[in-house]
Amino acid sequence: MEKQSKRSNIINCLNLFQGDVSLNRVRSFKVPGPNIVYGEIIIQFLPGKSMPRKPASVQLHSSSSVDSDTGKGTLTQEVLLKHGNIDKGMQNEHGAKVMWYQLEFKVETHFGTPGVLVIKNELKHKFFLQSASFQVYNNQIVHFECNSWIYPVRLTKQDRVFFSNTCYLPKQTPVGLLELRKEELTRLRGDGTGERREWDRIYDYDYYNDLGNPEKGHEYEARPVLGGSESLPYPRRLRTRRPPNNYDMHTERRPRVWFNMDLYVPPDERFSQKKRSEFTSNVVRAAMRFVMPETRSIVNKESSNFESFDQIHRLFTGDRGHSVDEKLVKLLKQKLPDDLFKKVKEVMDEKPVEFPLPRIATGNEFAWMDDDEFGRQMLAGTNPTVISCLQSFPPKGENGVKSSIKKSHIERNLDGLSIREAMNQWRIFTLDHHDYLMPFLRRIDTGNGVCAYASRTILFLRDDSTLKPLAIELSFPGPSPDEEINRVFLPSPNGTEAALWQLAKAHVAANDSCYHQLINHWLKTHAVVEPFIIATKRRLSVMHPIHRLLNPHFKDTIQVNALARSVLLNAGGILETTLFSGEVSMELSSSLYKKWRFDEQSLPADLIKRGMAFYNPNRPKNIELLIEDYPYGADGLDIWILVKNWVTRYCSYFYEDDDSLKSDDEIKEWWSEIRYIGHGDKQNETWWYDITTRAHLIETLTTLIWIVSALHAAVSLGQYDYAGYPLNRPTACRKPIPSEGTMEFAEFLRNPDKYFLSMLPEKFEMTLGIAVVDVLSKHTADETRLGEQPSPEWIDDEEIHKMFQLFGDELGEVKERIRSRNQDPKLKNRRGKGGIRYEVLCSETSSEVRSSDGNLRSGIPNNTFM
């Protein structure tokens with residue numbers, strides 16, 4: 001009984017994680033009698049909507065008393081939502097009216113505890129149901145955390161059902177809830193037919209067949225369908241079932257307006273009104289600051305290139321204003337949704353918002369040119385998960401072609417070591433963007449206005465754990481498949497060789513920027529997670545403890561991914577415009593998905609695979625970093641072990657042993673659907689876990705939570721400080737590195753800085769890239785941090801409060817450890833020439849992470865927030 005009590009308390013505690021808005025307080029109930037259930041419901045009504053004249057109604061299903069006619073829990077009579085009270089203390093700042101209703105249900109003596117809330121909306125418009133709570137005869141309070149839009153029943157044709165915050169494994173489900181549990185999952189899966197409408201709550205899978213838009217012309221012709229084929233595998237996305245495009249039956253029809261925020265996602269997956277408003281404002285302000293002025297320069301036929309470094313610097317420090325050409329205003333009115341155009345007009349009229357200079361350029365304007373900073377960012381920048389320890393010298397590609405980098409190129413810079421000694425001491429590292437790019441380079445360089453190479457960068461680990469760049473190799477396909485055209489560049493303190501070295505570093509940075517956004521950010525933390533979310537909604541009841549554990553980590557991801565397909569990833573979209581990979585970008589990500597393995601996404605597995613760590617049973621984490629001062633690795637391992645401890649404790653309370661897990665049919669169906677449908681193109685891989693042991697379940701859940709929280713934070717937070725400054729991380733190069741004896745080389749010799757600037761993207765593309773990074777770096781008010789405590793009112797048992805508090809306390813200890821590391825002068829990689837400390841895995845709370853410029857740099861979000 002004691003164990004069951006503890007389990008029940010943990011369930012209640014975990015329920016607090018779910019949803020955007022929680023009940024701030026439980027008002028005093030009357031003391032109920034044996035035939036009375038008292039309750040209250042909190043509802044938000046949209047701004048501008050009148051108070052309801054025709055009320056909604058509520059019913060309750062018993063958990064334990066069964067209606068013999070329906071096989072479901074006994075259902076109370078309807079109680080109408082009438083005479084609500086406006087709650088000024090919870091008033092929504094965006095104008096929504098927050099109202100609470102007190103309810104009284106008359107029930108039979110044997111009714112027991114309510115387990116399901118049924119609500120019917122007979123109004124003309126939707127409303128947002130925040131929460132409900134009910135008190136029964138034994139003074140037990142049953143909470144329902146809803147946080148969902150309730151649409152009129154004339155549209156949905158069915159009432160809306162919510163389960164209480166008590167969790168049950170399938171075989172432990174109270175008899176009154178069994179049929180309701182099955183019925184709700186069936187409803188969420190749908191029947192696979194019909195175009196999705198705003199009010200539908202259906203989760204199903206589809207291929208990426210919505211990226212092209214051939215109706216707009218050749219430039220936007222249909223992109224290949226990703227997923228469902230051996231040549232172009234991809235994770236599945238949420239199905240919308242829009243009709244096919246008139247010009248290509250394989251392409252789904254796209255919306256006709258720009259930046260459509262109303263693409264179908266189920267109501268429970270949408271941004272809150274507050275986040276939607278903040279996100280839209282961030283987009284408009286960034287566009288007005290960075291992009292609109294360059295649009296004017298295009299209209300006025302001004303120079304498309306930046307003429308000096310100072311001109312780029314003034315993007316952030318100069319007065320750029322909000323004026324917009326009248327022709328452009330008319331075009332925006334035609335193309336933008338009404339609410340977004342209204343926001344544009346509002347921003348045009350307001351005082352321009354200051355956009356800070358990215359921190360890489362604040363302390364030292366030319367920190368981006370420094371070789372040590374170039375190497376440090378591979379360990380502690382915005383893309384610290386690619387660098388690896390070189391296993392053999394010279395490097396060799398998958399096609400067997402050896403690198404052109406020779407011993408003579410680098411041996412003089414190994415601090416007195418020979419290449420063999422340095423390799424034996426694991427002191428040679430590489431940033432390798434070679435093999436995956438080579439098959440695409442001819443297509444990328446054909447008529448795309450860019451010049452791309454595949455790069456290899458070789459670095460040496462000094463005694464102080466900093467990295468010294470030794471050589472850069474830039475490659476292009478040769479006349480036959482087994483030939484390459486290679487050039488090797490070496491660091492130099494000054495002169496022509498130093499200027500050529502800077503050009504080579506820019507090409508490496510462009511490679512790394514593309515890999516960062518397309519692969520490490522989009523593919524590995526957004527796209528691969530979406531099938532897990534869909535399967536969780538379809539196969540795990542909201543009463544299932546694993547659903548409750550994962551759900552807060554999945555918040556907003558489906559909405560973010562839908563927006564990404566709409567404006568970032570689509571044909572002619574922002575990534576095709578700004579990244580050198582252009583229209584082959586998504587095909588490139590598909591080629592790298594072929595190598596993706598879920599079992600290698602855990603941090604320890606990833607570090608060991610890249611040679612950045614090795615197994616050591618004598619260490620607390622059984623793993624030892626090769627570079628002790630590897631900020632991402634050191635901080636990440638601390639976070640990983642705490643998440644795993646939390647997941648282990650959690651799972652152990654619900655599953656006593658492996659046999660109890662094997663008897664869980666919902667988990668079996670969930671995992672099977674993830675493997676055979678959500679990631680169906682990889683279903684025959686042998687590395688999939690067999691989820692029949694607690695150990696495999698714990699590893700799976702820990703990996704998932706790691707991906708959407710800490711890994712996403714590592715590649716997303718702090719982007720503005722590095723990628724917001726295009727000199728530090730250009731997204732494309734338009735010119736090759738000139739060779740002696742050519743006209744280009746003569747141009748380069750006349751003015752190396754001017755040649756460098758002409759090699760970078762044009763003004764419009766460059767400023768568009770800055771605007772995107774700015775938006776992706778902004779935090780919004782309703783984000784929750786990893787381990788952040790829920791409100792105390794939801795934790796009814798002090799023992800449970802302490803148990804849950806343990807995870808937060810441990811994260812607090814890690815936070816202090818990270819702060820201490822950042823203060824240690826011996827750990828030079830934790831802050832660079834720009835004075836940027838490594839803080840992205842510092843687990844601060846929401847109140848601690850507010851920055852003056854609105855950019856998010858620390859405090860691990862619970863989910864893939866953007």
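Reply: Happy to! Let us begin with a term: a residue is called buried when its relative accessible area is under 20%, exposed when that is over 50%, and partly exposed in between, using a 1.4 Å probe and protein chains only. Helices (H or I, at least four residues) and strands (E, at least two) are DSSP runs, numbered from the N terminus. Please keep in mind that this is a predicted model, in which local features need pLDDT of at least 70, side-chain atom pairs count only at pLDDT 80 or more, and totals for chains, interfaces and linings use all residues. Residues are numbered from 1 along each chain as its sequence is written, and side-chain values use heavy atoms, with hydrogens and water left out.

Our part is helix α15, residues 557-568. The buried residues in α15 are Thr557, Ile558, Gln559, Val560, Asn561, Ala562, Leu563, Ala564, Arg565, Ser566, Val567 and Leu568. That makes 12 of the 12, so the helix is largely enclosed by the rest of the structure.

Contact here means heavy atoms within 4.5 Å. Not counting residues up to four places away in sequence, His526 touches Val560 and Asn561, and also His521, His712, Thr864 and Met866. His526 belongs to helix α12 (residues 495-527), and its relative accessible area of 3% makes it buried. The side chains of His526 and His712 make a polar contact at 3.2 Å. A polar contact is a pair of N or O atoms within 3.5 Å; within protein, one must be able to donate a hydrogen and the other to accept it, and residues adjacent in sequence count only if both atoms are side-chain atoms.

Arg565 lies over the face of Tyr208, 5.9 Å from the ring centre. For a charge to sit over a ring, NZ of Lys or CZ of Arg must be within 6 Å of the ring centre and within 35 degrees of the ring normal.

Tyr208 is part of an aromatic cluster together with Tyr234, Trp522, Phe532, Tyr593, Trp596, Phe598, Trp670, Trp671, Trp687, Trp688 and Tyr689. Rings of Phe, Tyr and Trp (its six-membered ring) pair if their centres lie within 6.5 Å; planes under 30 degrees apart count as stacked, over 60 as edge-to-face and the rest as tilted. The whole structure holds 32 aromatic pairs. In one of them, the ring centres of Phe598 and Tyr689 are 6.3 Å apart and the planes stand at 85°, so this pair is edge-to-face. Phe598 is in the loop between α17 (585-593) and α18 (603-609), while Tyr689 is in the loop between α21 (665-678) and α22 (694-716), so the pair ties together parts 91 residues apart in sequence. Phe598 and Tyr689 are both buried.

Helix α22 also holds Ala710, which counts as buried at 0% relative accessibility. Leaving aside neighbours within four places in sequence, Ala710 is in contact with Ile639, Ile705, Leu841 and Ile860. Ala710 and Ile860 are 150 residues apart in sequence, yet their C-alpha atoms are 6.0 Å apart in space.
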